[in-house]
Amino acid sequence: MEKLRIMSVFGTRPEAIKMAPLVKELAAREEIKSICCVTAQHREMLDSVLEVFGLEPDWDLDIMTPRQTLSTITSKCLTGMDEAIEKLKPDMILVHGDTSTTFAGALSAFYHQVKVGHVEAGLRTYDKYSPYPEEMNRKLVTQIADLYFCPTENNRENLRREAVTEGVFVTGNTVIDALKTTVREDYVFASEELNRLPYGEKKILLVTCHRRENYGQPMEDIMSALAHIARTHGDVELVYPVHLSPVVQECARKHLAGIENVHLIPPLAADEMHNLMARCYLVLTDSGGLQEEAPALGKPVLVMRRETERPEAVEAGTVRLCGVRYEDIVRMADELIDDPAAYAAMAHAVNPYGDGNACRRIADAILWHFGRGERPEDFRP
């Protein structure tokens, strides 16, 4: 029987981290020809992840340009995917999450009448401008997809409310699979600055902040709050891998440069980020993926956003939504730094996002869809 040709399409660093273990799982299946297509929406950060996981793309659209817009990303993905689909002839295209690459990849598959599998399906905030453009991207992909791989039961319930009930699987999140391969006790960082951090002696606060909806006054307030936290806690070291966006770079350096216990460092490779997270005390972030990764490592997360599409973590107690107001960020961070009981309650909560077998379930579901295997059982935390 001819192998199924399954094409995984991604273009950003977070997508790559979550799709890399799936690409490798698919390649390990005798019934599947795993095809890796990257758009390089984020060139440098994407390449570092490919290197960590040992992936060599079969097709590279290489679309990134300086000061690219959402329109140029989407249009270049669409036109570039035409040739890739025509030459590689996939039976199904897998897209991940909610980026412009995700939407364009799904739309291109639809134009070519190729089936679509949506990895990390069913996340919702119900505010189309927050996160922007991610919320609308994932809602549009829902209308196109044939298979839906939901990290949690709550994500499936979101789809059910939108009358999407066929081809839906609860798999756990593939990022937990990725962590199993990257985090090691004997890990040595490429940067001596990270190797020299006083792990165990001081509380390492890991920060990420980059979302478009936080540009402007929200980001100014976030950076001011981080500066206050660093200055008022001599027992912490704040480590911030600063996003390459000029807007983020300018704001971070304006508020945080020159503070003795603040480390503004370049973006980290996936394995470096995972291992730093494993050794840190607390994560403050406006990212989506870190809300899933950090709890798997027993690290509390303060989410510097007004809402989250990952309410399971809030309900489980591994994540708190602190918003973007200066006083709220400072108050919640102070509590976790100073109150051991509050910290322990979050650190020991059960992670609702997976058991490290999401990729196996997704591969099994694809085979089942094409009549080549049994339907996998859903993930239950």
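Arginine 138 and glutamate 135 both belong to helix 5, where they stand 3 residues apart, about one turn of the helix. In this predicted model, their side chains meet in a salt bridge with an N to O distance of 2.7 Å. Arginine 138 counts as buried because its relative accessibility is 2%, under the 20% limit, and glutamate 135 is likewise buried, with a relative accessible area of 0%. The two residues also take part in a network of salt bridges that links Lys18, Asp98, Glu120, Glu135, Arg138, Glu292, Arg305, Glu307, Glu309 and Arg310.

Glutamate 134 forms a salt bridge with arginine 211, the closest N and O atoms being 3.5 Å apart. Glutamate 134 lies in helix 5 (residues 134-144), whereas arginine 211 lies in the loop between strand 8 (203-208) and helix 9 (217-232), so this pair ties together parts that are 77 residues apart in sequence. Both glutamate 134 and arginine 211 are buried.

A further salt bridge joins the side chains of arginine 320 and glutamate 335, at 2.9 Å from N to O. Since arginine 320 lies in strand 13 (residues 319-321) and glutamate 335 in helix 14 (residues 326-338), the pair ties together parts that are 15 residues apart in sequence. Here arginine 320 counts as partly exposed, at 26% relative accessibility, and glutamate 335 is partly exposed as well, with a relative accessible area of 32%.

Tyrosine 126 is partly exposed, with a relative accessible area of 46%.

Arginine 67 also has a positive phi, near 55 degrees, in a residue other than glycine. Arginine 67 sits in the loop between strand 3 (59-60) and helix 3 (70-88), and at 72% relative accessibility it counts as exposed.

Turning to helix packing, helix 1 (residues 13-27) and helix 16 (residues 358-369) pack at an angle of about 50 degrees, with their axes 9 Å apart. The two helices are therefore oblique to each other, and helix 1 passes helix 16 in a right-handed crossing. Helix 1 contributes Pro21, Leu22, Glu25 and Leu26 to the contact, while helix 16 contributes Cys359, Arg360, Ile362, Ala363 and Ile366. By class, the contact of helix 1 with helix 16 has 7 nonpolar, no polar and 2 charged residues.

Proline 241 has its place in strand 9 (residues 236-241) and counts as buried, at 10% relative accessibility. The C-alpha atoms of proline 241 and proline 266 are separated by 5.1 Å, although these residues are 25 residues apart along the chain. Leaving aside its neighbours within four places in sequence, proline 241 is in contact with Leu206, Val207, Ile265, Pro266, Pro267, Leu268 and Met273.

How values were computed: Residues are numbered from 1 along each chain as its sequence is written. This is a predicted model: local features need pLDDT of at least 70, side-chain atom pairs count only at pLDDT 80 or more; totals for chains, interfaces and linings use all residues. Side-chain values use heavy atoms; hydrogens and water are left out. A salt bridge is a side-chain nitrogen of Lys or Arg within 4 Å of a carboxyl oxygen of Asp or Glu. Helices (H or I, at least four residues) and strands (E, at least two) are DSSP runs, numbered from the N terminus. Buried means under 20% relative accessible area, exposed over 50%, partly exposed in between (1.4 Å probe, protein chains only). Axes are lines fitted to C-alpha atoms, for helices over the stretch in contact, and angles run from 0 to 180 degrees between N-to-C directions. Angles under 35 degrees count as roughly parallel, over 145 as roughly antiparallel, 65 to 115 as roughly perpendicular and the rest as oblique. A crossing is left-handed if the near helix is turned anticlockwise from the far one by less than a right angle, and right-handed if clockwise. Contact means heavy atoms within 4.5 Å. Ala, Val, Leu, Ile, Met, Phe, Trp, Tyr, Cys and Pro count as nonpolar, Asp, Glu, Lys and Arg as charged, and the others, Gly among them, as polar.
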